[in-house]
Amino acid sequence: MKPPCEIVVWYVIPAIRSELAKELLNLGMKQKDVSELMDITQPAVSQYITDKRGSGIKLDDNVREMIHEFARQLSEGEATKADLISRTCTICKHVKTTDVLQQLNISKEDLGEDCQSCLGSEAE
């Protein structure tokens with residue numbers, strides 16, 4: 001079994017990036033501009049928007065709304081590239097641990113108590 005921090009790196013962060021890239025494109029940005037803003041390659045943007053990357057889990061509506069709002073702020077200049085890491089971390093903390101584990105068919109009991117803090121902000 002993968003440790004929770006690896007689950008975050010392989011599933012949660014890519015899912016957030018995928019949704020953010022899609023939202024930025026929906027707001028009229030070009031793939032090249034999205035790649036520069038998100039500090040990723042243009043092919044990575046293409047993979048995110050075609051669900052070849054970042055589609056391993058489904059984010060709940062609350063998290064998707066946070067991503068939508070962040071994308072809007074980025075596109076309107078209210079947020080900048082400098083905000084990307086802190087906002088991604090904030091969004092990641094709102095991803096529900098139980099949702100991710102359930103989607104990946106992992107029992108919460110399989111995780112040690114110390115590991116539970118790596119997935120979201122819930123210590124259910």
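How do the residues of the lining of the largest pocket divide into nonpolar, polar and charged? The structure is a predicted model, in which local features need pLDDT of at least 70 and side-chain atom pairs count only at pLDDT 80 or more, while totals for chains, interfaces and linings use all residues. Residues are numbered from 1 along each chain as its sequence is written, and side-chain values use heavy atoms, with hydrogens and water left out.

The chain has six helices and zero strands, helices being DSSP runs of H or I with at least four residues and strands runs of E with at least two, and its order along the sequence is α-α-α-α-α-α. Of its 124 residues, 37% are buried, that is, under 20% relative accessible area with a 1.4 Å probe. Among contacts (heavy atoms within 4.5 Å) with a separation of 6 or more, 65% join residues 24 or more positions apart.

The largest pocket has a volume of about 250 Å³; a pocket here is an open set of points on a 1 Å grid where a 1.4 Å probe fits, with protein on both sides within 12 Å along at least five of seven lines, and its lining residues have an atom within 4 Å of a point. Of the 13 lining residues, Arg17, Met38, Leu84, Ile85 and Thr88 are the closest to the centre of the pocket. Two or more lining residues come from each of α1 (4-26) and α5 (84-93), and α5 gives the most, with five.

To return to the opening question, the lining divides into nine nonpolar residues, one polar and three charged.

Conventions
Buried < 20%, exposed > 50% of the residue type's maximum accessible area, 1.4 Å probe, protein only. Points joined across faces, edges and corners; volume = space filled by probe spheres on them. Nonpolar A, V, L, I, M, F, W, Y, C, P; charged D, E, K, R; others polar.
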